[in-house]
Protein chains: 4
Amino acid sequence: MIEILDDHPREECAVTGIYGHPEAANMAYLNLYALQHRGQESSGITTSNGKKIHSEVGMGLVSDIFNKDRLSRLQGHIAIGHNRYSTAGHSNIENAQPLTVVTANQTISLAHNGNLINGIELRNDLEKNGSIFRTTTDSEAILHLIAKSKEEEIENSIIEALRMLKGAFALTIMTHDKLFGIRDPNGFRPLVLGKVTGSKGEIAWVMCSETCALDLMDAEFVREVEPGEMVVIGKNGLESYKPFPKTSVTQCIFEFIYFARPDSFLFGHNAYTIRKQLGAELAKESGIDADLVVPVPDSGLAAALGYSNESGIPLEMGLVRNHYVGRTFIEPQQSIRHFGVKIKLNPIKNYLVGKKVVVIDDSIVRGTTSNKIVEMIRTAGAKEVHMKISSPPITNPCFFGIDMPSKKELIASTKSPDQIKDILEVDSLSYLSIEGLLKCVSPNEDEYCIACFNGEYPIPVEQAQNQLNLFKNLSISEHRG
Amino acid sequence: MIEILDDHPREECAVTGIYGHPEAANMAYLNLYALQHRGQESSGITTSNGKKIHSEVGMGLVSDIFNKDRLSRLQGHIAIGHNRYSTAGHSNIENAQPLTVVTANQTISLAHNGNLINGIELRNDLEKNGSIFRTTTDSEAILHLIAKSKEEEIENSIIEALRMLKGAFALTIMTHDKLFGIRDPNGFRPLVLGKVTGSKGEIAWVMCSETCALDLMDAEFVREVEPGEMVVIGKNGLESYKPFPKTSVTQCIFEFIYFARPDSFLFGHNAYTIRKQLGAELAKESGIDADLVVPVPDSGLAAALGYSNESGIPLEMGLVRNHYVGRTFIEPQQSIRHFGVKIKLNPIKNYLVGKKVVVIDDSIVRGTTSNKIVEMIRTAGAKEVHMKISSPPITNPCFFGIDMPSKKELIASTKSPDQIKDILEVDSLSYLSIEGLLKCVSPNEDEYCIACFNGEYPIPVEQAQNQLNLFKNLSISEHRG
Amino acid sequence: MIEILDDHPREECAVTGIYGHPEAANMAYLNLYALQHRGQESSGITTSNGKKIHSEVGMGLVSDIFNKDRLSRLQGHIAIGHNRYSTAGHSNIENAQPLTVVTANQTISLAHNGNLINGIELRNDLEKNGSIFRTTTDSEAILHLIAKSKEEEIENSIIEALRMLKGAFALTIMTHDKLFGIRDPNGFRPLVLGKVTGSKGEIAWVMCSETCALDLMDAEFVREVEPGEMVVIGKNGLESYKPFPKTSVTQCIFEFIYFARPDSFLFGHNAYTIRKQLGAELAKESGIDADLVVPVPDSGLAAALGYSNESGIPLEMGLVRNHYVGRTFIEPQQSIRHFGVKIKLNPIKNYLVGKKVVVIDDSIVRGTTSNKIVEMIRTAGAKEVHMKISSPPITNPCFFGIDMPSKKELIASTKSPDQIKDILEVDSLSYLSIEGLLKCVSPNEDEYCIACFNGEYPIPVEQAQNQLNLFKNLSISEHRG
Amino acid sequence: MIEILDDHPREECAVTGIYGHPEAANMAYLNLYALQHRGQESSGITTSNGKKIHSEVGMGLVSDIFNKDRLSRLQGHIAIGHNRYSTAGHSNIENAQPLTVVTANQTISLAHNGNLINGIELRNDLEKNGSIFRTTTDSEAILHLIAKSKEEEIENSIIEALRMLKGAFALTIMTHDKLFGIRDPNGFRPLVLGKVTGSKGEIAWVMCSETCALDLMDAEFVREVEPGEMVVIGKNGLESYKPFPKTSVTQCIFEFIYFARPDSFLFGHNAYTIRKQLGAELAKESGIDADLVVPVPDSGLAAALGYSNESGIPLEMGLVRNHYVGRTFIEPQQSIRHFGVKIKLNPIKNYLVGKKVVVIDDSIVRGTTSNKIVEMIRTAGAKEVHMKISSPPITNPCFFGIDMPSKKELIASTKSPDQIKDILEVDSLSYLSIEGLLKCVSPNEDEYCIACFNGEYPIPVEQAQNQLNLFKNLSISEHRG
């Protein structure tokens, strides 16, 4: 078995929450289906009918986990849901979310997109006071903190817990009668608010990671949950809290570059539009004489279209993608050229023979896939291969919810673009500049976290640097099922 | 689907623990295999190689859950294991044991046979102090209490926790480097100690619910873990603690009547021998003129043999059992006489036609199955049917680890033997007397709990009466997998 | 993985057929459930509603294969069913029965218990004429022969085919509107006829391998299908054909010794009764002074009861069986005494220590299990072990539907009882004599095939000797599913 | 459950064959993986090591069916493979291919892409002569014909059988020592020949449906198997036979329009290139003033690029596809606008609001999906919607291997383009003309079958018209597994 090559960073999660819908579980299912690109490892839904809470959680894709039986067990008008991607070592059903626990006052279920940088510290403090842990996720600590709070109102218990968190967290939380949607004060991860108006004028509320999930369920986009906001929805309708001290907003710019579905609007923009602009800006910054522009499908398609429009060089779908690629593949013993990448992509030779080719992708992480793609295009007969990347070099790992390799595995952290050009064996290599990037996403640059490009983390990350390893060494190793 | 009729009370669990064996997981697997009769719903094994702990837990029979892959992941020389039976409502993988948690000092895994009567009270106290629960078992509270202890030594933390428990508990607990075996001070549930001597004289220790598990793994029976004893096995060998105040010993007499495998020795006796004596005593107390003695297979076989020997009435296997009966069955729409019981049992008519038949079984709980068996024997042509039960009428439910129906469902709690005789439509019905029962198991009657027959619970059970319902209403309802 | 030791020959199949029942599939399911002991490898049901035929076939036990969905797809008032055991090499879903094929005139489905000795010869002839085969069963040839017939009436086509068969065959065959039940002229394998009378007097017919299947479905036993008879049931009721030339009847005596469920009546007798008589006869022939009689459970139980009654030596259940044994088991690396047999059986030591023990079993095939049982009883402390077998030495393999090892693997084919006694390390070994055996089953000895004891095959088996190997070499090797 | 809306015709199969490769099964696996778009319902591989043939067949996707275990059982240097799509009624494992049978002379395995128009006739003739059928595929008849042949050489037996077939068939057939690749004389379905040269110069041969499968396994494209050619590969290398009388070549033009993967070369052309030309031709024929060109992803992408290039109207990816769509989906009870299509597609509103939009797709079959796509684009705010189809109106069903609805379900068979325009509620609707289509694919129009557009079937199809229904009524209905 080999894993199918993909050199993209990986989003860790999607979250959703529904309140006031007669088919809340079905709506959560639709949302998770639309947000499958944010996590393909596990998926879960918790619902409440106002009295009883029930949860269904499984490993795999949304469409494989939820059959009629499982959905029919999810009764009620409140739901939260979660899609998860995680690193191999801790890929087990115990870590899958939503996490549901019984506390003194009530049952609470939680779905978390993001990453706490003080997760290990919180965990150590809790354990010293006798708390026991069943998962190796930092999300479990949030539930412990809520349970520990002596506040009487659940709103206040949650606020007390939230104030102890550092890092990235877009959360949906539910009790038997309330739904909470929370974005950390930096606003790292997206969370949008929508509503569905029923045939009799009754309103159901939705909070989810991206607007594409609103579209599938026919919900109207209302607004984004703001950085540092806690939205509470209950019998008395929607209330907004701002429990955090004011801080600067630093939304994740990589949502635009790669993660978000092209049709989603988030952080005030449409992802596809931004991607085309990045491509156009790239053409302005590093235009070159060439015969055709070829996107790496599908991640480079929008930028390639922008590049082609701006440069006048025709776009050709010179690399074709196999749409039936799964997560693993059984490798033959005999070596085959460019094998790992060929499972996914195949060049159309007659477009490439003797041509000067501009290849467009959104980013380079380790450089492993880019390398094989370039080789493949050369083998197909291209005269020149010019690689253009619609974002700056990634020099630093993310601690705010994106799974990237360690700093030393990031090719641009130790190599200059010139060196990378030599490694990839391309005729030229151009990245988009940080300035070019910011010009596309905002007139006002300080609205985004661009730490992966410039190392300036909005929150100090010394703790975080080693906590990832600590989590990997946690000693619960369990296989249930 | 119908459930296959069985009117026996159900044991809730088997536990095992192994220390110092190079194939500890395989030995735990053998033990659980031999103890499958004590729980068929879920099974699990946790092992430690001295550093890392790993757990494999699944739903179903031992032979279905553990394949080579799962066993090969269970590395190490220490293991604990658990078979579980549970009531339908909470039959889920989250509740399956061993339960493994991370605490401040170490990872702890626990397997529990029995039932705490202060489980809900402990849980409420813990939740008030911020503990969160992931299962609906009372066993999880024990782990919380251990985690809360400020003692430095794990022995002392466990002792501090144990002293807060009321009820029935035979436990095996392990940390990365130690194995604990504990019986509550009343000694409700059995736990035996054995050892295996390796080819070089090295000793591996075993603690498990019944001796039949020692036999399968070729272990030598050493002694029973005593009521109120905690055996600790670690690098320095075996140590014994007696952490509880002295109390009277009240071992569960139903282990002899029905639960234990006939080949097991426990509470100082062999189960098969006791059962034959119960049958012989029954013949003495209520002998009757009859043509043949027919056991309800297999639960009444040993008592029937004792009855036949004592009375001189020949034994005949006049009811034949289908050995391939599973837990459920798809029922035809058309009614079939005695259907539920006929799936399991079939009479041999030519032995019954025109005969006076003594039918022997070990106990009557609701009376539902007995009723159908009697009907079946009559339909087969018997002239007279005399039912003889090798234990007294069950008048009170158990709160110490046996799953029985509520008091009002117990036929003997509201009906006299004479009324039951009429309901079952037998020519006569005899139960063994309490005195007769005690004569067989002990010269000294106060060594056993006979509360199910006389209502004199060794520990006050007011709390316990409603706690079962409280547990059933606990609001975690989750399906993972 | 080791296979659980069992030294019994194996029956190859059970068959059933239902006509005129509104829940024909459910009735076939009940029958197969009751006949599970005759084959545990695969199971299938075919039904017809008078127009359309549908079949559901799977690997494993009846209760695992047939869920509500599968049964609900089996519509109609006619059904046939089959349980199969087969040797490892050809254990695949393609070979599972009923086999259903489309011919020029109609769809035909067939279930076969038995073994053709001219199977390979028929197959070769058919292939030479262009027939193609999808299974490696001899049963498929029967369908080809029916399809080849130029007769217009299906009755005549089947008769034409039947006349070409040599060997053992109890068949149920169905078309869209008729049910056929057939026993070969020697009557090797059993087939009984029963009926169910509905609430309005309507009659449904059943044909199945043993009467225990009639009992479960509340059917009345009518008679046995006679050797050489073809019973046809259709719109005009039941018709009987005798298509074969007269030959001597040679029913399989091993049905009594081991295969049939004790509660079944077949060949005019009840199996349990015969088994007790075999035990009593054994006591008469080779009585010995001893302390107790211990059956090998459950195969030796009835004979042990007969032996105990006749000899006056008390019966003790000194070997206890684990009721949860599956087909395979994961073996530890470390050797454990008597391991293979201990998974199934465990001795109760205090009954055996210092005793002269008579151990009763029904037969010895290879001797491998007997050996381990004797060792186990000796290790438990018995002073003397006397093995008594309630049938004669098996000296020749069966070619008429029982799966036995080859002649050279049969311990009694090359060793005298004295030599076997030494190999088993018993103090004495006695088999029942052929005369003693026949005395129990019939006043007239020539009604049974006793070829496995005396080598006198009722049909010449030269062909058969090598055909088993030929079938094993057939080149379809396929895994579907 | 609803099926995900897709209004495309469906290809029925992919075939492959490998000869002389040490990892033949792995190569077949790669081929089937690359050809997954031609059939997603079942998949199978048969291999031979020169002596023994083994087959593994399962339901679902290639990556789900073939694990390491199954591939490791497929030993040998010869392999054939098959991916199948089939209509619901006969979607069962028995019909999955390769089909393997035992004949008098040898075991034969066959994989078939296409459809026989005399399948029922052949089947009836065979059945009349006593052949029995196990599947409801027309492919099984081919095996019967081969088995019936009295020719001694397998080449001649196959040729004798082939000459009796009418219709579309691209076949790979294997015996224990030979591989056959065959295209019917009209050449309806594609089949290409490639080779892999090993490190020591040894050559392995491949025949498969499309060149994209050659690319993945690093094979060199040699040539297409010609219409009417039988290629035989054995110990003596490759031989070519032309067993059919000469007829006109009528290759399936729909392979270019929709089926073939864009990177494949077949019938002398590259599919992506043809598709762009169709789009350009469409722009020439029915150019219109508009703001943007939006493809229906991914089927309309290449044509839209051609249209955009030719017309100068900018291409926008205004419809975004969810890449994680499975075959079915659980529908909420509450109605959601455009639900069926929204699961797959979502518009990006800001590109469509107030715009004149040209929507490009490859074909319209029933019109059901197009309708919903248009509605969706209008709801998103488009001012005008102009639908352009890069092929002519489909007026007639296919009987040569493509699964289309019946004539009356084809919207263009009963409605004029004007009427369809009204039904779809578009501002304009244009199809490509037949002349325009032929101009793109060939200077010489009679090389293609365009019966679905003009009703001129290259082989009379009267028989075929009702045979599809006959196959659907065939009475084998079986579920194994």
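His112(C) has Leu171(C), in strand 9 of chain C, as its bridge partner. This is a predicted model: local features need pLDDT of at least 70, side-chain atom pairs count only at pLDDT 80 or more, and totals for chains, interfaces and linings use all residues. Residues are numbered from 1 along each chain as its sequence is written, while chains are lettered from A and ligands numbered from 1 in the order in which they are written.

**Sheet in chain C**

- Strand 8 (107-116) and strand 9 (167-174) of chain C pair antiparallel over eight bridges. Pairing requires at least two DSSP bridges between two strands. Strands (E, at least two residues) and helices (H or I, at least four) are DSSP runs, numbered from the N terminus.
- An open, antiparallel sheet of six strands in chain C runs in the order 7-8-9-10-14-15.
- Strand 7 (99-102) and strand 15 (237-241) of chain C are at the edges with a single partner strand each, so one side of each lacks a neighbour in the sheet.
- Neighbouring strands of this sheet are turned by 20 degrees on average, direction ignored.
- Helix 5 (139-148) of chain C packs on the sheet and touches strands 7 and 8 of chain C. The direction of helix 5 makes about 135 degrees with that of strand 8 of chain C. Axes are lines fitted to C-alpha atoms, for helices over the stretch in contact; angles run from 0 to 180 degrees between N-to-C directions.

**Interface of chains B and C**

- 46 residues of chain B contact 48 residues of chain C. Contact means C-beta atoms, placed from the backbone, within 7 Å.
- Helices 1, 3, 7, 9 and 10 of chain B each supply at least two residues of the side touching chain C.
- Helix 10 of chain B gives the largest share of that side, four residues.

How values were computed
Two residues are in contact if their C-beta atoms, placed from the backbone, lie within 7 Å.
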